[in-house]
Amino acid sequence: MKHQIERELIVEYGKKLITERLTTGTGGNISIYLPDEEAMLISPSGIPYFETQPEDIVLMDLKGNILQGERKPSSEYDLHSIFYAKRSDVKAVVHTHSEYATTFACLQQEIEPLHYIIGSVGEKVRCCEYKTFGTRELAEEAFSFIHEDNGILLGNHGVLTIGSDLASAFSVAKDIEFLAKLDYRARCIGTPVLSNKEQMTEVLTKFETYGQ
């Protein structure tokens, strides 16, 4: 079986979606891009994450054709492949239904810069309009709306994040849920004090060199 390491990573991070409370049941999906083959590995449809095995991960080309695998791929494969086809910097995509972030998505309300950690995403967490799940229309809406950010809210649906590897895309998904939780709780007490443009410019500059 090809790409054992990448398959095991998807299985591992699928379990993290549950243990980190970023989704429930079989919601959400994960993929990794294989640039040398212009193909992607993506989680299967409808299999609980703690039951998913490396051989269940589906190898697909960017046009939606299955290259290897006996399972049906996630219905959101277009939501992943569009980024690999059009963004050379994207090597992993994570889609979640985390509770607080999805609350904002159901309001179609952006998350404004109330905490510096938003710099891992962009100046704010944008929210695109609702489009039917599992459609090319949703993929195109998400791609057109994300701009240069690393994640967005999908209107009335959930969260989409991208990264240079699976760990970074997953980290952004966690950050968006953290920000949504802070925003929700702050609004329960009062009105969040937001970072201004000058402060956000400084934050984004610092995030360019953050980490190892």
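This is a predicted model: local features need pLDDT of at least 70, side-chain atom pairs count only at pLDDT 80 or more; totals for chains, interfaces and linings use all residues.

Q: Is Y13 buried or exposed?
A: The cut-off for buried is under 20% relative accessible area. F170 falls in that class, and Y13 does too: buried.

Q: How many aromatic pairs are there, and what is the geometry of the pair formed by Y13 and F170?
A: Ring centres must lie within 6.5 Å to pair. The count comes to four aromatic pairs. One of them joins Y13 and F170, with 5.2 Å centre to centre and 70° between the planes. Planes over 60 degrees apart take one label, and for Y13 and F170 that label is edge-to-face.

Q: How many residues apart are Y13 and F170?
A: Y13 lies in helix α1 and F170 in helix α5. The pair links distant parts of the chain, and the separation is 157 residues.

Q: What span does helix α1 reach from its first C-alpha to its last?
A: α1 covers residues 4-19, which is 16 residues. At 1.5 Å a residue, the expected span is 22 Å. The model comes close to that, with 23 Å.

Q: Which elements do the buried residues of α1 pack against?
A: The buried positions in α1 include R7, I10, V11, G14 and L17. Residues three or four places apart in an α-helix point the same way, because there are 3.6 residues a turn. The buried residues of α1 pack against β1, β2, β3, β4, β5 and α5.

Q: Which strands are the edges of the sheet?
A: Eight strands form an open, mixed sheet in the order β4-β3-β2-β1-β5-β8-β7-β6. An edge strand here pairs on one side only. That gives β4 and β6.

Q: What angle does the direction of α1 make with that of β1?
A: β1 pairs with β2 in the antiparallel sense over four bridges. α1 packs on the sheet and touches β1, β2, β3, β4 and β5. Its direction makes an angle with that of β1 of about 155°.

Q: Which residues does S81 contact, leaving aside its neighbours within four places in sequence?
A: S81 is found in helix α2. S81 is buried, with a relative accessible area of 2%. Its contacts beyond those neighbours are M40, L62 and R136.

Notes. Residues are numbered from 1 along each chain as its sequence is written. Side-chain values use heavy atoms; hydrogens and water are left out. Helices (H or I, at least four residues) and strands (E, at least two) are DSSP runs, numbered from the N terminus. The expected span of a helix is 1.5 Å times one less than its number of residues. Buried means under 20% relative accessible area, exposed over 50%, partly exposed in between (1.4 Å probe, protein chains only). Contact means heavy atoms within 4.5 Å. Rings of Phe, Tyr and Trp (its six-membered ring) pair if their centres lie within 6.5 Å; planes under 30 degrees apart count as stacked, over 60 as edge-to-face and the rest as tilted. Two strands pair if DSSP finds at least two bridges between them. Axes are lines fitted to C-alpha atoms, for helices over the stretch in contact, and angles run from 0 to 180 degrees between N-to-C directions.
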